[in-house]
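Biologist: Please walk me through this model, piece by piece.

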Amino acid sequence: MSAGFFRLGRFRVDLLAVLPFLLLILMWRTLPSLTGMPEYMFPTIGAVWDKAVELTANGQLQDNILDSLGRLFLAFLIGNALAVPIGIAIALNRSASDFLRPVLTFLQSIAGVAWVPLAVIWFGIGMGSVVFVIANTIFFSTLYNTVAGVESIPKVLHRAVRSHGGRGWALYSELILPGAFVNILLGLRIAMARGWHALVGAEMIAGSNGLGYMTMEAVQWYQSSTIVLGILCIGCLWLAMDQLIFRPLERRTVVRWGMVRQ
Amino acid sequence: MSAKTKISVVDLRMEYVDENRGIRHIATDGLTLDVKENEFLCVVGPSGCGKSTLLSAIAGFLKPRGGTVSMDGRPILEPGADRGVVFQEYALLPWKTVLENVGLGLKLRGVAKAERDAVAMRFLDITNLTHAAEKYPHELSGGMKQRAAVARTLANKPEVMLMDEPFAAVDAQTRLTLQEELVRIWDENRLTVLFITHSVEEAVFLGDRIIVLTPGPGKVRAVVDVPIPRDQRHWATINANPQFVAIRDRTLALVRGLEAA
């Protein structure tokens, strides 16, 4: 299946996966000069590299990355800690479903960046607002995947666990959480991706630091190299998270269990 | 065999309601039968006679609309570890290894890991599955899955094992092997078994007694005793046993409604 690979430390990198990135770099290298685009509109690789060195040397880049990651993880925890139990309740309990589904569907349509103006009024510019908006986005991504996951557990598995003595909390730890894990994991991944979108959006409007704020602030000074650097950082961080956290988690659990094919 | 009654089903009426279409289907009505302690009882009947519904009532999965189901004189209200069920669909948990699946019941009652692994290994040995202990269910054949499911139920030491057409989904060759293994395992680990099947041959091969149900709504049409010694129950020879052939033919006629009880 794969065209070959090389090793980067202990990580295996597929050549086929690297090719599109090389292509992008090639386009970046050639297209602006071919089309005569001025550098303030799209910076050269050298300019972005210089900017990266400069912002790393004075510590700004690391600070902004850590600020953004911190918010993202905090919001990820809050959003999921609410979404998983509420999702399970909706899936298992008719009254909870009747009570919560319509109002959550209503709120889902305005999830995310639409909350920024109110969030700013409630929490002010900065950490609180940004975390609120991301957590809100993550909540809805995870919620509906959790509901679908719990509902997808076959009735016969419920019966098997109960006829072997399963009751109370054990039903959740032995049956419902692992049974819904395929969908929950899928949900967590989508949630994290959407969380990144929300993070950048929220920081641009309501942030006082972070990667999103960094790119937006750069606009005022026509610092296109900073903007592109910010975009590159966001892309690389999400790619790394997916490859280093979500993919291995998937391989060790749902793929190993034969619940999804790789 | 004059053992005491383990499970008593009296005048059972079970209904199935299709909520989407608003149709009420009567699965069994006026069904009365006893399961004796430590007997191997088979229930046969045509499709739709309510035999699986009967099992669900005894397991506590479904509530009776009328009549009573009781074990040792106490009404059955919900599922419990005293009545382990083996399902046609195996119902192994995909996220647990075979060893962990077999140890499930012990884990649920709080037995420490070392001890439950030891017990589970013993039952994997009995069911010829020791080599598959660390595999996940999706890596097993149908026959191996069902062996693991039987081991899971036996390892939990239930008072009654309820088997719902357990060999209906495996191929014909494997089915014969599993039936012979079940005869051997049950000889070595006696407990009360209620075995639901649509195969008369299977019922005569496995059972001490057979209950034949009428087409739905199911009632008892006949009770057939199977006094064939258990050491004669091998597929290589049993078809030459005139007693087996006679009981099989009579039971088949009863199932098809060709012979009066």
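Modeller: Two strands pair if DSSP finds at least two bridges between them. Keep in mind that this is a predicted model.

Biologist: How many bridges join strand 1 of chain A to strand 2 of chain A?

Modeller: Strand 1 covers residues 5-8 of chain A, and strand 2 covers residues 11-14. They run antiparallel. Pairing needs at least two bridges. The number joining these strands is four.

Biologist: Which residue in strand 2 of chain A stands opposite A:F6?

Modeller: Strand 2 of chain A holds residues 11-14. The residue opposite A:F6 is A:V13.

Biologist: Which residue takes a positive phi in that hairpin?

Modeller: Two residues lie between the strands of the chain A hairpin. The phi in question is near 65°. The residue is A:G9.

Biologist: Which class has 13 residues on the side of chain B that touches chain A?

Modeller: The contact takes 16 residues from chain A and 22 from chain B. Strand 6 (83-86) and helix 3 (104-108) of chain B each give two or more residues to the chain B side. That side has five polar and four charged residues. The class with 13 is nonpolar.

Biologist: Which helix gives the largest share of the side of domain 1 of chain B that touches domain 2 of chain B?

Modeller: Domain 1 of chain B spans 5-82 + 160-255, and domain 2 spans 92-157. Their contact takes ten residues from domain 1 and ten from domain 2. The largest share of the domain 1 side is three residues, from residues 172-188 of chain B, helix 6.

Biologist: How many charged residues are on that side of domain 1 of chain B?

Modeller: Eight of its residues are nonpolar. Two are polar. Charged residues: no charged.

How values were computed:
Residues numbered from 1 in each chain as written. Chains lettered and ligands numbered in written order. Predicted model: local features only at pLDDT ≥ 70, side-chain atom pairs only at ≥ 80, totals over all residues. Contact = placed C-beta atoms within 7 Å. Nonpolar A, V, L, I, M, F, W, Y, C, P; charged D, E, K, R; others polar. Domains from an automatic or database assignment.
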